[in-house]
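Here is a short briefing on a pocket and on backbone angles. Please look over the structure before reading on.

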Amino acid sequence: MAPNGHLVVIGATASGKSALALEVARQRPGVELVSMDSMALYRGMDIGTASPTLAERNEVPHHLLDIVDPTEEFTVSEFQKAASGALNDITDRGHRAVMVGGTGLHVRAVVDDLEIPGRYDQVRADLESDDDTVGLHARLLDLDPVAAQRMEPTNRRRVLRALEVTLGSGRPFSSFGPGLEAYPPTPFAQVGLRADRDVLDRRIAERYERQMDEGFLDEVRALAALPGGPSRSAAQALGYRELLAHLRGECTLDEAVGDAVVATRRFARRQERWFRRDPRIQWFDVAEEPLAVLEGVLEAFDRCGTEQ
């Protein structure tokens with residue numbers, strides 16, 4: 001598949017991908033940045049999501065930041081549509097995009113143009129009332145054996161989702177495409193930043209310390225004061241979830257920050273596992289300074305542009 005000239009920079013949280021992507025845009029005229037973060041799209045959640053500063057946004061065009069109120073849900077399908085619209089606009093202007101990705105499913109939704117099944121809340125609620133996950137898997141095996149054979153009978157999350165879609169849509173879950181286990185050709189070039197875990201762990205803790213100094217708690221307090229409060233998705237964002245618990249009196253501030261650090265480090269491990277399964281990603285090992293691999297990333301960016 002011919003490259004489309006757009007580059008995806010992925011990596012675990014705190015790996016330095018945002019700073020690297022910004023430098024690529026500075027080095028190459030006509031580059032615009034597209035956030036692939038499922039939480040940075042919420043307005044008023046800039047500190048906790050480590051969103052680009054106003055100065056950075058003024059310097060380089062950014063997309064998919066602050067596009068929805070935190071009281072609203074924003075599905076992967078809606079994100080996919082918004083990202084496709086932004087990329088089409090960038091292409092129409094004769095520019096190129098560097099997509100900065102940390103949320104694996106959102107990256108795959110755009111990179112592979114996934115056909116994403118809808119949500120069927122009532123069906124899901126009925127299924128969740130049944131505690132017998134293996135029994136639910138047996139039901140799925142009868143309705144959609146292809147999907148059932150792709151998952152462990154005890155993986156409740158996957159079993160519930162497959163049954164929800166199969167029953168709600170009236171078509172097998174497996175008919176919605178090859179799934180996340182397949183890595184077909186894609187027009188997007190992808191590079192990944194890989195850092196030692198101890199480096200990531202330290203950076204995550206340092207970032208929370210910096211964010212607290214910048215007013216993260218006040219940002220969360222404003223979020224909690226919104227009519228109806230934050231949406232379920234926004235309230236589960238890393239750091240926000242823990243600080244909201246503190247504001248409810250469930251823990252001290254130090255405990256909340258400590259819990260956030262631990263949860264974010266675990267999330268970084270999950271990101272690493274998710275991304276390293278993709279054989280299409282060109283990896284760069286970064287140590288203390290992510291910009292040290294700038295030359296290699298620029299070469300990848302230039303290459304995917306000349307091959308169009």
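This is a predicted model: local features need pLDDT of at least 70, side-chain atom pairs count only at pLDDT 80 or more; totals for chains, interfaces and linings use all residues.

**Second largest pocket**
- The lining of this pocket is made up of 14 residues.
- Nearest the pocket centre lie Asn4, Ser84, Leu87, Asn88 and Phe188.
- Helix H3 (76-92) and helix H4 (104-111) are the elements that give two or more residues to this lining.
- H3 provides the largest share of the lining, with five residues.
- Sorted by class, the lining has seven polar, six nonpolar and one charged residues.

- Most residues other than glycine have a negative phi.

**Alanine 50**
- Alanine 50 sits in the loop between strand E2 (31-36) and helix H2 (54-59).
- Its relative accessible area is 35%, so alanine 50 is partly exposed.

**Aspartate 66**
- The loop between strand E3 (62-63) and H3 holds aspartate 66.
- Aspartate 66 has 23% relative accessibility and therefore counts as partly exposed; the buried class takes in values under 20%.

Definitions and conventions: Residues are numbered from 1 along each chain as its sequence is written. Side-chain values use heavy atoms; hydrogens and water are left out. On a 1 Å grid over the protein atoms alone, a cavity is a set of points where a 1.4 Å probe fits but cannot get out, and a pocket is an open set with protein on both sides within 12 Å along at least five of seven lines; lining residues have an atom within 4 Å of a point. Helices (H or I, at least four residues) and strands (E, at least two) are DSSP runs, numbered from the N terminus. Ala, Val, Leu, Ile, Met, Phe, Trp, Tyr, Cys and Pro count as nonpolar, Asp, Glu, Lys and Arg as charged, and the others, Gly among them, as polar. Buried means under 20% relative accessible area, exposed over 50%, partly exposed in between (1.4 Å probe, protein chains only).
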